[in-house]
Amino acid sequence: MKSLPLHQLYKACVLKDLPFKTTRQLEPLAEIVGQNRAQEAVRFALAMPHGGYNVYAVGRNGLGKRTMMLRYLEHHVDTEQQSHDWCYVANFEEPRVPKLLQLPAGKGTQLKQDMEKLMARLVKVIPQTFDSDSFLERSEQLKNEYAKKQEDELEKVAAQAKRKKVRLTVSTPGGYRLVAMNGDEPHTAETFQALTEEQRDKFEDSINRLEKRLRQALRRIADWEQEYAENQQALNQETLESISGHQIDELEEKYKDLPDVVGYLEAVRTDLVENLDIFLEDNDEQAAIAYASLDKKMPRRYLINLLVHQKTNEVPVVVEDNPTYHNLFGYVENVTYKGTVFTDFSLIRPGSLHRANGGYLLMDAIKVLEQPFVWDGLKRALRSRALQINSLEREMTLSGTISIEPEAVPLDVKIVLFGDRETWLLLQEYDSEFAELFRVTADFENEMYRTDDSQLLYAKFIASLVVEKKLLHCTNKAVARIIEHSARMAEHQNRLSLHAADIANLLRESDFWARQAKARLITEVHVERALESARYRSSRIRDQFYDSIRDGSTLVTTTGSCVGQVNALSVLSTGGFEFGLSNRVTATCYYGDGGVMDIERDVKLGGNIHSKGVMILTSWLSSRFAVEDPMHLSASLTFEQNYGEVEGDSASLAELCALVSSLSGVPVRQDLAITGSVNQFGEVQPIGGVNEKVEGFYATCQMKGGLTGTQGVVVPATNVQNLMLDSEVVQAVRDGRFAVYAVSHVEEAIALLLGCPAGKADKKGRYPKQSVFGIIQQRLEKMREHERQEHAKYEHKDPSIH
């Protein structure tokens with residue numbers, strides 16, 4: 001069997017397919033390369049005006065999901081969409097329910113500044129005006145008019161009483177008494193008792209009449225007092241209107257297109273009259289609370305709490321990296337003043353959903369699900385299309401402090417969640433609302449096809465990374481080497497990896513080595529140096545395994561031949577770094593019932609897939625050699641020097657070759673290693689990690705006395721397309737010191753490893769005597785004949801035996 005030619009071991013990137021000298025000549029890509037399916041899903045979701053069309057971006061980390069979304073939104077967002085400012089203001093009728101104002105972008109800041117200017121003026125002017133001579137004179141005049149009316153009315157009652165020998169006296173503030181007089185002195189109990197009954201009755205009758213008259217007078221005084229208060233209020237209003245009226249009128253004219261703002265300004269106009277004390281008293285409390293809450297010192301009642309302000313009319317795009325409950329939904333702060341917890345509408349703080357309202361919010365699905373109450377809150381907000389600010393303490397009913405209930409903000413936002421497929425599947429399975437709210441799945445590809453056009457596209461993608469990360473530009477040879485490495489990452493000669501993070505890291509490290517060498521461009525030498533450096537940093541565990549092979553602790557043979565012993569290949573992974581190792585698989589056979597004992601499975605070191613592989617090769621053996629008669633040979637299989645769990649079926653071809661060797665007694669070549677999976681019909685199936693396995697055996701051969709020229713690796717023919725071998729291995733094959741063989745059927749592998757043909761059955765099911773299968777067939781037939789003779793002997797001695 002011929003070994004594979006060089007061009008099948010490594011698909012190089014031909015420079016003529018890259019029509020440029022450096023990436024400086026290339027136009028950087030605005031989009032992420034190779035993600036047309038995901039891009040179409042995103043385009044559809046963002047254009048869909050109905051609710052529930054939020055996006056879940058599926059793909060492993062590093063595929064550029066977030067970068068693609070941000071770039072797409074940057075270039076394709078609908079510029080006709082209006083963004084808004086959102087403000088909370090005091091609700092003078094219901095202080096616990098602050099009012100919400102919606103304003104066009106930029107207007108919120110203007111309104112806040114206008115109100116601050118108005119209040120700053122009023123804080124100065126109101127105390128001056130209400131302390132001025134003209135106001136005090138008019139106020140005094142109203143007071144005097146009221147006092148005179150009160151005095152005159154009481155004087156009339158007092159004069160009437162005097163004529164009846166009764167005096168009107170003031171007993172308490174606002175309280176009056178009528179007292180019977182004995183000359184100039186009031187009657188005492190004794191003197192009043194000394195009067196005749198007629199005199200006493202006369203006094204009592206007079207006092208009763210006077211009391212009715214006094215009550216009438218006091219009612220008139222109360223009416224005048226009310227009138228005085230109304231007149232004083234009207235004076236205050238008139239005075240205040242002269243100070244603030246024209247300014248409020250100007251603001252109403254400025255915001256006439258916004259009825260809610262005009263309504264609020266009218267409410268302020270009315271409320272100012274009723275709350276003049278705020279401006280007239282030197283209120284330390286306002287200053288202390290303003291200081292505690294980092295606000296300006298001004299009447300808090302008339303503050304504008306600018307919750308969200310957009311500087312331009314651009315659609316907001318918000319990335320929330322820490323989606324806690326408060327960060328997402330906002331919260332109400334508290335201020336402690338003189339030992340009391342205080343809050344008001346000016347202490348409402350926005351969350352990411354407020355800032356993204358009218359636009360897009362991007363979050364990591366795992367982080368959202370990790371935070372308590374966030375996922376339920378997010379679904380509730382999306383369902384109701386409204387954003388209610390509830391403190392987490394109230395949600396958990398842990399807080400008894402006074403709180404406020406702000407008006408809900410109308411919510412119009414598209415959510416984009418980034419996550420892996422496992423999380424997506426779990427949400428689909430266990431959350432019935434998920435599919436309703438996230439109707440669009442943007443499925444990100446891991447790989448793209450490798451063609452001449454796609455290689456040029458990939459080069460532009462590299463150019464865009466270089467420009468974005470501010471790195472040195474790459475030569476066409478450096479780009480070719482990166483493309484080849486990308487194919488190696490994709491484990492396919494005709495695919496390219498779309499793992500943008502890995503390519504970006506490679507470019508950064510190549511840029512580092514280029515700058516270290518004082519180069520102006522990144523060349524293939526710097527790329528190779530970066531790859532070698534990354535390999536060296538990650539290979540400590542691999543080198544420990546290699547040391548055990550080198551010093552003989554791990555038993556591996558790379559020369560000669562041996563019955564029932566095969567060099568299988570495995571792949572180990574240590575934190576993202578994978579490497580191949582040679583493992584000795586041995587098989588022994590003995591008289592039995594034809595079963596194959598899998599030692600790994602029996603001691604619970606074999607995984608389910610490995611056990612399945614052994615069962616398949618057992619059934620293959622039975623279909624070949626025990627169709628009509630039972631096999632009287634049993635066998636046992638094991639991975640030697642294996643102290644951990646074995647999983648996967650990629651060693652089942654090696655195990656089968658070891659079994660066949662043990663059954664036939666034909667030795668296996670030890671200078672060859674083999675990998676591959678087998679089905680029940682003896683077809684060789686593809687496996688993973690083929691590059692690492694070939695390179696692992698190549699390294700093993702070098703450590704065990706060097707290359708002899710006969711050594712090599714047998715791989716499934718279906719894995720040839722996955723070969724992107726290390727340059728050192730390719731060079732060894734070029735020099736004829738190493739070889740890679742491809743097999744598609746068990747018989748080919750047996751012929752290659754055992755050095756003689758497996759054999760093909762004739763019409764009677766007989767194999768050639770000198771073939772491997774022929775030798776096994778003859779051995780089994782001898783055993784069956786021996787079994788029949790033994791059985792006949794016992795039958796002759798005891799006819800009852802059947």
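Me: Is Arg66 buried, exposed or partly exposed, and how do I read that class?

Reply: Start from the relative accessible area. Buried means under 20%, exposed over 50%, and partly exposed lies in between. Arg66 has 30% relative accessibility, so Arg66 counts as partly exposed. Keep in mind that this is a predicted model.

Me: Where does Arg66 sit, and which residues does Arg66 contact beyond its neighbours within four places in sequence?

Reply: Arg66 belongs to helix 2, residues 65–76. Beyond its sequence neighbours within four places, Arg66 is in contact with Val319, Asp321 and Phe418. The Arg66 and Asp321 side chains are joined by a polar contact of 2.9 Å. Val319 is 253 residues away from Arg66 in sequence, yet their C-alpha atoms are 9.1 Å apart.

Me: What does the whole chain say about contacts between residues 24 or more positions apart?

Reply: Take the contacts in the protein chain with a separation of 6 or more. Residues 24 or more positions apart account for 76% of them.

Me: Which partners does Phe773 have, and is Phe773 buried or exposed?

Reply: Accessibility comes first. Phe773 is at 0% relative accessibility, so Phe773 counts as buried. Its place is in helix 28, residues 772–797. Now the partners, leaving aside neighbours within four places in sequence. Phe773 is in contact with Trp620, Arg624, Phe625, Val660, Glu747, Ile750, Ala758, Gly759 and Tyr767. One of these, Phe625, is 148 residues from Phe773 along the chain. The C-alpha separation of Phe773 and Phe625 is 8.6 Å.

Me: Where is Asp431, and is Asp431 buried or exposed?

Reply: Asp431 lies in the loop between helix 15 (421–430) and helix 16 (434–437). Asp431 counts as buried, because its relative accessibility is 11% and buried means under 20%. Not counting residues up to four places away in sequence, Asp431 touches Trp375, Lys379 and Leu426.

Me: What about Gln247, with a relative accessible area of 19%: buried or exposed?

Reply: Use the cut-off as it stands. Buried means under 20%, so Gln247 at 19% is buried. Gln247 is in helix 6, residues 197–254. Setting aside residues up to four places away in sequence, Gln247 touches Leu118 and Arg121. With Arg121 there is also a polar contact between side chains, of 3.3 Å.

Me: What does the side chain of Ser619 contact?

Reply: A polar atom of the Ser619 side chain lies 2.7 Å from the backbone oxygen of Ile616. Ser619 is in helix 23, residues 608–625. Its relative accessibility of 24% makes Ser619 partly exposed. Ser619 and Asn679 are 60 residues apart in sequence, with 9.4 Å between their C-alpha atoms.

Me: Which residues other than glycine have a positive phi?

Reply: Glu491 and Gln641 are two cases. Phi of Glu491 is near 55°. Phi of Gln641 is near 55°.

Me: Where do Glu491 and Gln641 lie?

Reply: Glu491 is in the loop between helix 18 (476–490) and strand 19 (495–497). Gln641 is in the loop between strand 24 (633–639) and helix 24 (652–664). Glu491 counts as partly exposed at 29% relative accessibility. Gln641 counts as partly exposed at 33%.

Me: How do I read the overall form from the radius of gyration?

Reply: Set the value against that of a compact globule. For 802 residues, such a globule would have a radius of gyration near 28 Å, but this chain has 47 Å. Then look at the box. Along the principal axes, the C-alpha atoms fill roughly 160 × 85 × 50 Å. The chain has 28 helices and 30 strands.

Notes
Residues numbered from 1 in each chain as written. Predicted model: local features only at pLDDT ≥ 70, side-chain atom pairs only at ≥ 80, totals over all residues. Heavy atoms only, no water. Buried < 20%, exposed > 50% of the residue type's maximum accessible area, 1.4 Å probe, protein only. Polar contact = N/O pair within 3.5 Å; in protein donor to acceptor, adjacent residues only side chain to side chain. Contact = heavy atoms within 4.5 Å. Rg over C-alpha atoms; globule rule 2.2 N^0.38 Å.
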